[in-house]
Amino acid sequence: MTLPKSLRPRNRYVFFEAETLPDASFGEHDLRRALWFEAQNLYGDVTSAETRAKLVEYDGDDATLGAGVVRCDHDGVEETRAALACIDKVQGDPVGIRVVGVSGTLKAGRDRYGGTPETRETTVDGSPAWERGDVVDVRTDDGFMCGTHHDLGKE
Amino acid sequence: MHDFVHAAPETATTPARMAQTAAHAGYDAVVLRNHFNPDDAYPSYDIPDGTGIPMHEGVEVRADGVEPLHEGVRRAERGGAEVVAVHGGEEALNRAAIQADVDLLAHPNRGRGRSFDHVLAREAAESGVAVELSLASVLRSTGGERVEAVRDLHTTLKLVRKYGTPFVVSADARTHLELRAPRELRAVAYLIGIDEEEFDRATDETPRRLVENDDADVEVLDG
């Protein structure tokens with residue numbers, strides 16, 4: 001059964017990037033659940049049903065910067081932003097999610113917002129480090145020191 | 001848009017990284033406000049040149065009594081802090097901060113009970129002390145703790161609206177991962193009842209005034 005076009009739900013695709021520490025290990029499934037629970041906790045079942053926010057894809061292969069897409073109702077973009085903003089940890093790994101753009105179709109969004117810089121492993125003063133563009137996370141005794149090339153005096 | 005953040009040496013994110021992340025997320029400027037305990041050495045930030053967006057060097061005086069608080073504020077002003085904030089939450093300290101005419105009273109309602117009331121809201125409005133509505137607990141806690149935080153924000157919001165107390169809204173980020181983009185912060189603020197116009201004033205106009213108004217004694221004329 002197909003609804004007439006004017007009555008079908010209208011989607012928006014929220015493209016985001018998710019910055020993590022290099023040792024983060026969560027995957028697409030974990031993030032999908034995190035978004036689901038965050039929406040439930042933040043504004044409950046009724047608004048969740050209207051918003052229809054659902055993670056449709058997430059690529060967390062990169063060590064420090066994942067990227068993904070949430071599909072939601074075209075009237076639910078702001079609620080989706082709020083729920084994404086309130087995800088501060090996934091499976092115990094701290095994460096900073098930032099929306100990079102909103103699009104009416106997956107394809108248009110991929111063309112416009114696809115492609116994030118890659119992280120590469122290196123060393124800083126003998127410590128393992130992860131470098132992405134201008135930023136560097138260096139392993140320390142109790143975690144990571146997160147800086148930039150400016151801090152390392154590279155520029 | 002501005003945000004008020006903590007950074008290294010207090011946390012594991014350097015000021016430069018905070019600036020880089022904030023610039024990428026769409027901020028115009030960042031105000032550093034590391035905690036400063038009057039018993040300790042005055043904090044210094046390692047801010048390299050070329051961080052992309054302006055970084056303003058402020059401090060958040062955290063004292064456990066009224067006398068140390070005044071001492072801390074004096075040292076911060078002498079030390080040239082661009083923004084002098086006070087770590088609020090206890091009624092006596094909130095009052096002392098307002099009387100010391102600091103720039104910003106951070107999270108005044110964090111303590112248990114009513115630590116920020118109508119009297120303080122009016123005094124803050126009269127002396128031009130801005131009050132912070134910190135979204136930290138909304139963004140980073142859940143359950144009962146978040147419910148309480150939202151309720152505190154509602155109370156504070158009601159008071160600052162009634163008395164016209166200037167206020168800022170912040171994510172109170174301690175690391176680059178805790179920073180949220182302006183539009184996400186706006187969406188969360190809207191959800192808890194801060195309207196668009198208030199949000200703009202709280203993240204742009206008011207922080208700009210705090211940063212530019214270096215002389216704490218300048219009278220603030222409300223138009």
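## The second largest pocket

The second largest pocket holds about 350 Å³ of space. A pocket here is an open set of points on a 1 Å grid over the protein atoms alone, where a 1.4 Å probe fits, with protein on both sides within 12 Å along at least five of seven lines; lining residues have an atom within 4 Å of a point. Grid points are joined across faces, edges and corners, and the volume is the space filled by probe spheres set on the points.

The lining of this pocket is made of 20 residues, and Ala67(A), Gly68(A), Gly114(A), Gly115(A) and Thr116(A) lie nearest the centre. Strands E1 (11-20), E2 (54-59) and E3 (65-73) and helix H3 (106-113) of chain A each give two or more residues to the lining. The most come from E3(A), which gives five. Helices (H or I, at least four residues) and strands (E, at least two) are DSSP runs numbered from the N terminus.

## Basis of the model

This is a predicted model, in which local features need pLDDT of at least 70 and side-chain atom pairs count only at pLDDT 80 or more, while totals for chains, interfaces and linings use all residues. Residues are numbered from 1 along each chain as its sequence is written, chains are lettered from A and ligands numbered from 1 in the order in which they are written, and side-chain values use heavy atoms, with hydrogens and water left out.

## Chain A as a whole

Chain A has three helices and nine strands, in the order β-α-β-β-α-β-β-α-β-β-β-β along the sequence. Its C-alpha atoms fill a box of roughly 65 × 30 × 25 Å along the principal axes. Of its 155 residues, 44% are buried, that is, under 20% relative accessible area with a 1.4 Å probe, protein chains only.

## Tyr58 of chain A

Tyr58(A) is part of strand E2 of chain A. This residue counts as buried because its relative accessibility is 9%. Leaving aside residues up to four places away in sequence, Tyr58(A) touches Phe16(A), Ala18(A), Phe26(A), Gly27(A), Glu28(A), Leu31(A), Gly66(A), Ala67(A) and Gly68(A), where contact means heavy atoms within 4.5 Å. From Tyr58(A) to Phe15(A) the separation is 43 residues in sequence and 9.9 Å in space, C-alpha to C-alpha.

## A helix of chain B

Helix H7 of chain B spans residues 182-191, and its buried residues are Pro182(B), Glu184(B), Leu185(B), Ala187(B), Val188(B) and Ala189(B). Just after H7(B), Gly193(B) has a positive phi of about 105°.

Definitions and conventions:
Buried < 20%, exposed > 50% of the residue type's maximum accessible area, 1.4 Å probe, protein only.
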